[in-house]
Structures are given as C-alpha cells and as structure tokens.
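The following note goes through the model point by point. Please read it alongside the sequence and the coordinates.

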Amino acid sequence: MGSRKDKLSPLRQRSLEILARLKRLYPDATCSLNYSTPVQLLVATILSAQCTDERVNKVTPALFSQFPDAASLAIADLVELENLVRSTGFYRNKAKNIQAACRMIVTEFDSVVPNQMEQLLKLPGVARKTANVVLAHAYGINAGVTVDTHVKRLSQRLGLTEAKEPVRIEQDLMGLLPQPDWENWSIRLIYHGRAICKARSPACVACELADLCPAANKPVVVG
Ligand code: SF4
C-alpha cells in the first residue's frame, strides 16, 4: 500500500519537500519585527509596508516608549506621530492609519487587538498581509499565508503559483501547504529571499532548492 505522500499531486509533493528543506535551512526563523504586545506588532507591521523590518526596528523603540499602547496612540498628536515614523516612508498615511486603527481598537474592541480575520480587516490600513502576521505571531492562529514581495517572487519562481495578485497567490499556497505551516512558510521564504533568491540576482548555484525549482539558472524575470 502506498504512503500518503505517494497519493499527493506532484505539485503538492514538491511543495512539501520545499517546506521541509526550508525548515532544515532556517530552523530558528521567526518574525524579525520587534514588539512586546499585539498592538505593537500591528503598528510595526503597518510600518513595514514598502520598508525593511530593520528600518522599522530602528523607529519603534522611540515610538513605543512614547506611545506604548492603543490608548496613547489613539490620542497622540498626529504631527508628532508622523515625525516618529517618517523614515519608514509613506509616513503620513502610515501615521494616519495607525491612529485610526488604534482609535477603532479602543472604541470598538475594548482596547484589545481582535483575533479574528474579519474584525482585523475592518481596521484602517489593515489588509490580509498585516492581519495574517498579527494573527500568527500575536495569537498563534494560522488564518492564511502572508504574501509579501519575497513570498510572491519565490512562490512564483518555484512554480507554486502563476497568479500575480497576492490574494490569489495566498489561495494557491493555502491549497498546497498544511495549515499549521502557513505562517512559518512565509517567514522562511522571506529568509531565503533575503539570503539567496534575491529579486535581481538569485544565487541559484548556492540554492538548496535548485533541483526543485523550475526557474533555477534561468534568466531573471523581475515583475
Ligand atoms: S533555484 Fe534560483 S530561482 Fe529557484 S529558488 Fe533558488 S535562487 Fe531562487
């Protein structure tokens, strides 16, 4: 009698092998944003849009020492908030969304970041990517697959999706990967994207996924 793995589609088998290798390659991979509470994780994740986690981690110590929780962020002076997050880019929009999200958390969710996708998506500035990060790392809930620029690029190169929209890519990945691994997949793929499979210069010769990757050693497509 064949094993369960034998009955899986070749694409699913390849996905699981990639997942297993990523776990071996990056055993201690974890969210690289610094935070102490779910609100701080939410704020750091909003700030990480179009910005590196490293840059966000430089900004948040001063931000959180002045405004540590939803209540203080909800009534912060907006210009002061903007100045504190300025170096993360798009700072006016980010400051406005952080304040509006914190106001809603205070008024509608009893000052607690909600732990349900539907409620999180009501918060200003929060789309599925941010909601998935918060649910996974603040509450241990795998509600979806976080699709950032690295996850998008690598999942496409690895031939696990042909979709271009993050929401469609997420659906494809959710269909291929076991739910308990949804978030750790993203974290590890981000590590691999930063270390090996860079946007313009993937190091295929050094890549331990090369034998599983249809894009290995092919001309780079940056999209
Ligand atoms: S083989 Fe090349 S394109 Fe494929 S994942 Fe590795 S570095 Fe990226």
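1. Over residues 47–195 the chain is 64% helix and 0% strand, helices (H or I, at least four residues) and strands (E, at least two) being DSSP runs numbered from the N terminus. The end C-alpha atoms of this stretch are 22 Å apart. In an unreviewed UniProt entry, residues 47–195 carry the annotation "domain: HhH-GPD"; UniProt positions follow the numbering used here, feature names are shortened, and annotations may be inferred rather than shown by experiment.

2. This is a predicted model, in which local features need pLDDT of at least 70 and side-chain atom pairs count only at pLDDT 80 or more, while totals for chains, interfaces and linings use all residues. Residues are numbered from 1 along each chain as its sequence is written.

3. The protein has twelve helices and zero strands. Its radius of gyration, taken over C-alpha atoms, is 19 Å, close to the 17 Å that the globule rule (2.2 Å times the number of residues to the power 0.38) gives for 223 residues, so the protein is as compact as a globular protein of that length. Along the principal axes, the C-alpha atoms fill a box of roughly 60 × 40 × 30 Å.

4. Of the 223 residues, 36% count as buried. A residue is buried if 20 or more other C-beta atoms lie within 10 Å of its own, exposed if 12 or fewer, and partly exposed in between, with C-beta atoms placed from the backbone. Among contacts with a separation of 6 or more, 58% join residues 24 or more positions apart; two residues are in contact if their C-beta atoms, placed from the backbone, lie within 7 Å.

5. Nine of its ten residues are buried, so α3 is largely enclosed by the rest of the structure. The buried residues include Val39, Gln40, Leu41 and Leu42. Their cover includes α4 (53–66), α5 (70–74), α6 (78–85), α7 (91–108) and α9 (128–139).

6. The largest nonpolar core has 32 residues, and those with the most contacts inside it are Leu42, Val43, Ile98, Ala101 and Val134. A nonpolar core is a set of buried Ala, Val, Leu, Ile, Met, Phe, Trp, Tyr and Cys residues joined through C-beta atoms within 7 Å. The elements giving two or more residues to this core are α3, α4, α5, α6, α7 and α9. The largest share, seven residues, comes from α3. A second, separate core of 20 residues includes Ile169, Leu177, Trp185 and Cys197.

7. Within the largest core, Ile98 is one of the residues with the most contacts. Not counting residues up to four places away in sequence, Ile98 touches Val43, Ile46, Leu73, Leu81 and Gly125.

8. Ser186 belongs to helix α12 (residues 182–195). Ser186 is buried, with 28 other C-beta atoms within 10 Å. Beyond four places in sequence, Ser186 touches Val145, Thr146 and Val151. Ser186 and Val145 are 41 residues apart in sequence, yet their C-alpha atoms are 6.6 Å apart.

9. Which residues come closest to the ligand? Of the 14 residues that surround the ligand, the closest are Cys197, Pro202, Cys204, Cys207 and Cys213; a residue is near a molecule if its C-beta atom, placed from the backbone, lies within 6 Å of it. The shell divides into 13 nonpolar residues, no polar and one charged. Here Ala, Val, Leu, Ile, Met, Phe, Trp, Tyr, Cys and Pro count as nonpolar, Asp, Glu, Lys and Arg as charged, and the others, Gly among them, as polar.

10. The unreviewed UniProt entry places the feature "binding site" at Cys197, Cys204, Cys207 and Cys213. Although spread over 17 residues of sequence, these positions cluster in space, the largest C-alpha distance being 11.2 Å. Cys204 lies in the segment after α12 and counts as partly exposed, with 17 C-beta neighbours inside 10 Å. Cys207, also in the segment after α12, has 18 such neighbours and counts as partly exposed. Leaving aside neighbours within four places in sequence, Cys204 is in contact with Ala210, Ala216 and Asn217, and Cys207 with Ile196, Cys197 and Ala216.

11. Phe90, in the loop between α6 and α7, has a positive phi near 45° although Phe90 is not a glycine. Ser111, in the loop between α7 and α8 (117–120), has a positive phi of about 70° and is likewise not a glycine.
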